[in-house]
Amino acid sequence: MQITPTLGLLLTLSFVVSLLALSALIWAIANKQVHAPDQDDARSIFQPGEGAEIAPPTQPHHFDTERSGIDKSSSGPVMWLIGMGVFWLIYGSIHGLAASLELNLPDLMSGSAQMTFGRMRTVHLNSVIFGWSSQAGLAAIFWIIPRIFHTPLRLGWMVKLGTLIWNLALVAGVAAIANGWTDGLEWLEIPWQIDIALAIGAACFVAPLIATTRARTVHHIYVSGWYFLAAVLWFPVLFVIANIPGLHWGVEQATMNWWFAHNVLGLWLTPLGVGTAYYFIPKIIGKPIYSYAVSLVGFWALALFYSQVGIHHLIGGPVPTWLVTLSIVHSIMMFVPVIAVAINQHVTVARNMWALKASMPLRFIWFGALSYTIASFQGSIEALRSVNTITHFTQYTIGHAHLGAYAFVSLVLFGAIYQIVPRATGKYFPFPRLIGWHFWLVVVGFAIYFFSLTIGGVLQGLAMMDATRPFADSVTLLKPYLEGRSLGGGLMTLGHILLAVNLIALAFTKRTRDLETETMVAAQ
Amino acid sequence: MSKKNKQDPRLPDETFEPYEEPRLIPLPVYWIAIALAIWGVVTLVQTSNAGHFADKERAALGEKTASVASPAASTAAPDTGAGKALFADNCSSCHGDAGEGVADAIPPLHASDVIKAGGASAISQIVMRGIGGPLIVDKANYDGEMPSFSSVLSDTEIAAIADYVATDLNGMNSTVSPDQVAEIRTASEDMDPWDGGAGLASLINGLPPQPASENASAPSPEATATASLASQGTANIWSCASCHGDKGEGTQTVPRLAGLAPAYLAKQLHDFSKGTRISDSMAYVAKSLSETQITELANYYGAMSSPSGAQPALKGDLARGEQLALSGDYSKNVPACFTCHGTSGIGVGAQFPGLAAQQPAYIAHQLAMWAGGARHNSPLGLMAGIGKALSDEDRRAVADYLASLPPAAGNAKTALAVSPTLKETTNVQ
Amino acid sequence: MNRYLPLAIVSLAILAFATLLLVIVPGMQIAADGVAPGLKPYTAAEARGRAVYVSMGCLYCHSQQPRDEAQAPDGERGWGRASVAGDYAYDAPHQLGTMRTGPDLMNIGDRLPSQDWQLTHLYQPRAISNWSIMPAYPFLFTHKDKAGPTDVVVKLPPAYAPKTGVIVANQDALDLVSYLQGMKHDYAPPGDGLRDNGYAQIDARQMPQTDAAKAAQ
């Protein structure tokens with residue numbers, strides 16, 4: 001391969017150039033705003049915008065979204081998305097739990113093809129990623145974007161239409177998978193014919209956001225907005241390129257597969273979670289984020305580094321060495337944006353620990369933000385060749401995936417739901433104590449889940465690396481840890497049911513919270 | 001702000017807008033980012049250099065593997081000195097350094113009447129297919145087995161050996177070209193070894209008188225039943241051949257059975273059945289076999305001669321493997337494999353199975369299982385100690401070396417007696 | 001930041017850059033590498049069996065990518081040589097996999113070539129290995145009173161056999177087994193085949209040190 005050394009040097013060069021370009025970009029933006037606060041965009045933060053008559057000039061950084069009618073414009077679509085999201089959460093959790101039980105009791109559900117492990121697990125993944133996290137995340141986006149832009153949501157009907165198309169397509173997709181019609185790639189199982197409908201649904205979500213952004217009355221875009229606006233552009237591009245039929249084959253398809261699958265996490269779910277946490281942490285506490293410059297580093301470094309980590313799923317596989325090394329380097333570089341986000345979010349919480357006691361939503365969101373830091377550090381370390389060789393084909397990876405997609409993204413979204421729903425519906429949750437139960441069930445359940453798979457996965461990996469141990473050892477030693485996983489998963493599912501119970505009960509209660517603002521926190 | 005929040009002065013009011021304070025980036029963030037960036041550049045540069053090296057090395061290895069995989073493919077001109085060296089490496093361990101043979105055991109190749117009648121072409125035929133059964137050379141009787149070397153030697157190498165034996169050892173003016181050997185290879189594909197002198201008589205005109213073949217008689221009903229068991233299985237067990245191959249040559253971790261001592265095979269089947277040797281699939285099979293079936297299957301495979309189905313596949317160091325097989329490694333307290341398993345790894349008795357032409361993955365895996373204790377049915381625990389002493393590289397080296405050897409031929413004389421009482425009671429199945 | 005258009009353009013440019021590096025350039029390199037010499041296209045039965053493999057989700061527990069001996073003892077387990085990009089030239093969708101809850105299957109046809117074994121194992125893995133946690137696939141088989149002339153009867157131990165009649169493999173099961181039997185990548189790999197050599201490189205870097213240590217002894 002004559003191409004390799006040249007390619008390697010080009011790669012190094014492009015890495016250096018992209019780092020320099022990124023630094024220059026951040027330096028230019030930060031400098032403009034930090035050192036010249038009287039410039040246009042900096043001053044705009046202090047502009048009260050349309051809410052000027054509501055928030056007096058003596059109180060900058062205050063704006064009553066409820067009174068200005070902004071929340072009213074978005075509450076309909078947001079509640080649609082939350083309702084459907086929680087439905088898929090329950091549906092997906094039950095499938096996940098069933099798939100886990102199938103590994104404990106393999107003959108339990110072997111009667112029909114629809115219930116075989118390979119399909120139950122796949123239905124679980126697609127339900128929770130595209131049904132739950134994506135829709136709950138979109139709900140947070142549609143709630144937050146109009147608020148930070150001080151303008152009502154535009155094209156709200158389109159969001160509802162999109163929700164309808166998205167869920168119908170998802171039902172079709174999940175039914176297809178259960179009956180054996182699949183594209184056969186991890187994270188891309190839904191047949192491409194059905195993906196067309198999903199792409200149309202996605203377009204119905206993107207258009208209202210762009211319309212709302214164009215109509216904004218504030219000059220400055222708050223950090224949550226960067227994450228959301230970039231994510232809603234990234235996801236459709238990823239989704240469409242990855243699903244073009246007939247374009248990808250063989251090992252090239254494998255690199256595309258992991259470029260897509262990790263970018264769904266990195267450039268879709270992560271921005272949803274980070275953006276939501278960036279909004280609600282200061283909002284609930286009532287104190288600003290630590291540093292604007294640091295948040296710039298966090299965002300742009302995430303975009304540059306996260307987009308290139310995917311091939312660490314193919315370490316030791318039949319793909320070019322340079323490509324694997326590139327993804328490993330970028331995985332390690334992920335320390336930079338994660339540290340930046342950690343400083344911004346954790347410092348704000350750490351200075352206001354009292355708020356954790358006062359606000360249940362904040363407790364969920366803070367736990368999620370903490371999990372983001374831990375999951376990302378773990379992910380970077382896991383990409384190192386020496387660590388990866390042990391953990392690569394094991395349950396450790398499943399534990400890590402759930403630390404990211406569940407303990408981080410889902411916990412943040414739980415918090416967001418508990419924060420948004422009373423304000424969007426004007427009702428209190430009828431069973432505030434269940435919120436506490438929900439928190440502790442998912443935290444304890446997740447801890448059992450995570451430590452079972454992490455410890456079991458390492459032992460499994462060590463057994464497989466040891467030629468003197470038969471393969472059967474790696475299976476038999478894992479069994480108690482898989483049982484632990486089912487226990488943890490069961491507790492988590494129970495927590496989700498409590499959320500659903502609260503939401504359903506809320507739907508049947510009368511309106512009790514009309515424009516009242518004194519009780520901020522959903523449960524105290 | 002018409003409503004006043006009177007509950008907790010620290011609780012924010014709904015109208016608070018999140019914003020970011022205009023603080024500078026903390027210095028440690030710079031340090032970490034710069035350190036990581038330097039590490040990243042170093043790692044990428046290292047890969048681009050090392051990648052070139054590894055590709056070169058693998059290309060060389062690929063060529064080597066390719067030449068091992070298809071010996072017939074090499075077409076280099078035969079070298080006059082090469083024949084002698086190849087003879088020393090491949091033939092002299094049995095036939096003697098000068099082809100003098102061993103009285104009553106191994107026929108001579110020096111001034112031999114059979115060779116003089118057949119010439120270089122007949123030698124190529126015998127090397128290619130092997131030979132077994134009664135044979136008369138220079139008026140002396142022999143009844144041994146010679147394995148096929150088709151998997152071990154290329155056409156060029158066989159031609160060089162044949163030329164060397166015909167011209168140098170027998171003073172003939174007879175040679176054979178690699179192309180002719182290639183034709184012989186094609187023609188003798190899937191053929192059994194020559195059936196002793198009787199078989200050779202059909203090949204060589206003017207051969208001295210030869211004894212009659214022992215294989216002429218029609219197979220007995222028991223033999224037919226065993227062959228059917230081996231190739232078809234029964235109503236509830238799989239056939240032997242479906243994994244071990246039609247010729248018992250094995251594949252990957254499924255071992256070669258052809259030519260292993262019946263006593264060894266029967267002991268392993270018993271061990272699988274009792275659980276003293278662990279294999280899920282073999283336990284399933286062995287538990288369903290009757291005593292008679294075990295004995296007959298052991299005899300069936302013990303008498304079977306078939307070409308090697310193995311070739312080095314684990315990227316082992318063949319020189320290191322040869323060293324371990326022939327002389328062991330005293331620094332590790334590992335004796336030579338062949339001190340127990342017989343010259344050229346042909347096997348000795350019930351306890352020391354033949355290793356020559358065994359599947360490399362099987363040998364390496366079994367050595368690892370001895371080391372880890374998952375296999376523990378050797379007499380005196382000899383193999384456990386050896387397994388533990390060998391490193392991963394050693395296991396692969398010796399496995400690949402053994403795979404490069406010609407297989408031991410089947411031997412019907414080591415057959416176990418089938419007890420007539422058992423036969424009556426267990427033949428129901 | 002206060003403008004949306006530049007934000008959108010730079011964000012998408014970064015994604016395009018990542019796509020170039022992770023998908024387009026490797027795709028060109030892999031395409032240039034071509035088909036591994038010795039690799040045969042799937043037969044009709046194997047292709048149908050592969051579709052069954054995909055639809056059952058075998059991929060979620062079984063990888064198809066043996067590792068290098070510098071990294072792991074896959075070869076010693078009989079899983080075959082380290083695979084290269086050219087070995088997958090006819091695969092769409094690819095089934096490389098990321099889990100080894102079960103063993104690697106890249107060379108299962110080489111390691112366990114028996115159709116009968118595979119059918120028994122698919123019908124009930126625990127008939128062979130009591131520790132196995134693999135799903136059973138009884139729905140790929142039919143319980144019949146008597147096997148027809150072309151039926152393939154599954155061999156089962158008494159504990160798992162039906163009380164009366166026989167278990168017969170459906171076409172899906174036979175196709176799936178054809179696919180598994182065809183999973184043989186035992187031909188010599190192309191010398192310049194593409195694969196991740198990272199672990200071999202680490203080995204090569206450490207080699208001079210071990211050699212020096214040996215010389216010192």
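Chain C has six helices and two strands (DSSP runs: helices are H or I of at least four residues, strands E of at least two, numbered from the N terminus). From the N terminus, its elements run α-α-α-α-β-β-α-α. The model is predicted: local features need pLDDT of at least 70, side-chain atom pairs count only at pLDDT 80 or more, and totals for chains, interfaces and linings use all residues. Residues are numbered from 1 along each chain as its sequence is written, and side-chain values use heavy atoms, without hydrogens and water.

**Chain C itself**
- Of its 217 residues, 61% count as buried (under 20% relative accessible area, 1.4 Å probe, protein chains only).
- Among contacts in chain C with a separation of 6 or more, 71% join residues 24 or more positions apart (contact: heavy atoms within 4.5 Å).

**Interface with chain A**
- Chain C puts 77 residues into the contact, and chain A puts in 102 residues.
- The buried area is about 7600 Å², with 66% from carbon and sulfur atoms (accessible area, 1.4 Å probe, that two parts lose on being put together, summed over both).

- A:D107 forms a salt bridge with C:R126, and their closest N and O atoms are 2.7 Å apart.

**Elements of chain C at the interface**
- α1 (4-33), α2 (44-56) and α6 (198-216) of chain C each supply at least two residues of the side that touches chain A.
- α1(C) gives the largest share of that side, 20 residues.

Technical notes: Chains lettered and ligands numbered in written order. Salt bridge = Lys/Arg side-chain N within 4 Å of Asp/Glu carboxyl O. Buried < 20%, exposed > 50% of the residue type's maximum accessible area, 1.4 Å probe, protein only.
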